[in-house]
Amino acid sequence: MNSTELEKQPPSHGSKHICLPFESEAQYQGWVKDVAHYREYLRQTSAHHPELFPQAMGQGYTFHDRYRSRKQGVVLRRIKLKATGAVFTLRPSFVMPSLSAHTDEVEKALYLRQWGVPFEALAHVFGRDAMFWYRAWLGFGRPNLVGTTVKHEADMPQDLVADEKITWVDGAEVVVPTTVGGGWVLGLRVAEQADSDSLEEAYGEFVAEATEVFSEYQARAVCTDGFHPTRDAWPRLFPQLTLVLCYLHSILKLHERCRGALRRQVLERAWPVYQAATKGQCSQRLRRLSQWARATLNGSVAEMVGKLCCRRADFTPAYECPQAARTTNAVDRLHNHLDRLLYAMRYCHGQTASARLAVRAWAMQWNFHPYGPRLRHDQPARSSPFDDLNGFHYHPNWLHNFLIASSMGGLRL
């Protein structure tokens, strides 16, 4: 087969693409032509970042063929692994996965999606059409969310926070079960129902993606609100899990039910429960709070304090797992951001599958978005949530960094 015939063959997609950084397009074009230089570059890059390459690559490979993109005119080489016979396309990060555009041409427009700028506005300012920008943004949601975000098993968060976000798809109410570890979104899916089985399936997608990348992964603890289907779903996924109830939700319910001096009195006695240093101290403070409430309060406030005090068994497991989150603040803050984006879109339209890609695209962009100048001024070593988690970045530009991190669809093949 001659080189002309080889260049007519289309490349593979998704998990069969290895995305790599290059200093410039000129450097890439020179190395594509020089097999020896390209092979040495692959050797050095695979030594520094083996997670970007197939595991069998260490057993040898050959340059299989090459392909010239009709859209961008970029020549892409493919390699064939000696051990498995699998063929992978080597794609530079300066072109998008679909080869529809150069990365630097679309980076600034896609950056604005972080604030929910409409696709029609992007088309008006940056050219092309709204569907181009819509498809490019949805593409963020296709790779494995865990594998793209977390590059080493030792960095995988074991203490999680989970909650559901209510939204709408084509006018029908749905929920978005969200799994957060630290400040990173690790799992996200659209569920049409909010019962235990539906939430188990939705949160199970996070478990499936995590174990697909890190086969031995086990969550240590998860903090949820008091919604029973959520609390039923997680122990089914991780039987040994420590399930912690968010104390802040109970405080907020008390805050809503009283005003003025009464609110101060109630909260002054409720917050010390959260601040207890030991399990025994927490139980003792709950008993005292219950006794005070029965003697002093009445109506809905007394009822809510009574419910809080009856959930001692749900609050105290946090003392057995001190690393666990004790409030759902980590996911609530991110849901606030997601809510603003969905509102700007007037929520999701079309099929549930496209809504799933949309919320996953938001999650990916959150995990890789560059920090603003005020934060970088005070903490110049920090560049993005991805950098915070992994301790490095592949490329200083956030979109290049994301494309490289999503090499092989974020999987470990």
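Me: Before we start, what should I know about the numbering and the model?
Reply: Residues are numbered from 1 along each chain as its sequence is written, and side-chain values use heavy atoms, with hydrogens and water left out. The model is predicted, so local features need pLDDT of at least 70 and side-chain atom pairs count only at pLDDT 80 or more, while totals for chains, interfaces and linings use all residues.

Me: OK, what is the strand order in the open sheet of 5 strands?
Reply: The order is 7-6-5-8-9, with mixed pairing; strands are DSSP runs of E with at least two residues, helices are runs of H or I with at least four, and both are numbered from the N terminus. Two strands pair if DSSP finds at least two bridges between them.

Me: And which strands stand at the edges?
Reply: Strand 7 (184-188) and strand 9 (242-245) do, and each has a single partner strand, so one side of each is left without a neighbour in the sheet.

Me: How do strand 5 and strand 8 pair, parallel or antiparallel?
Reply: Strand 5 (residues 159-169) and strand 8 (residues 221-224) pair in the parallel sense over 3 bridges, and Val-161 stands opposite Cys-223 in strand 8.

Me: Which strands does helix 15 touch?
Reply: Helix 15 packs on the sheet and touches strand 5, strand 6 and strand 7, where contact means heavy atoms within 4.5 Å.

Me: Where do the axes of helix 15 and helix 16 come, and at what angle do they cross?
Reply: The axes of helix 15 (residues 329-344) and helix 16 (residues 352-368) come within 11 Å and cross at roughly 125°; axes are lines fitted to C-alpha atoms, for helices over the stretch in contact, and angles run from 0 to 180 degrees between N-to-C directions. That makes helix 15 oblique to helix 16, since angles under 35 degrees count as roughly parallel, over 145 as roughly antiparallel, 65 to 115 as roughly perpendicular and the rest as oblique.

Me: Which residues meet there?
Reply: Leu-334, His-337, Leu-338 and Leu-341 in helix 15 meet Val-359, Trp-362 and Trp-366 in helix 16.

Me: New topic: is strand 4 buried or exposed?
Reply: In strand 4 (residues 87-92), 5 of the 6 residues are buried (under 20% relative accessible area, with a 1.4 Å probe and protein chains only), so strand 4 is largely enclosed by the rest of the structure.

Definitions and conventions
Buried < 20%, exposed > 50% of the residue type's maximum accessible area, 1.4 Å probe, protein only.
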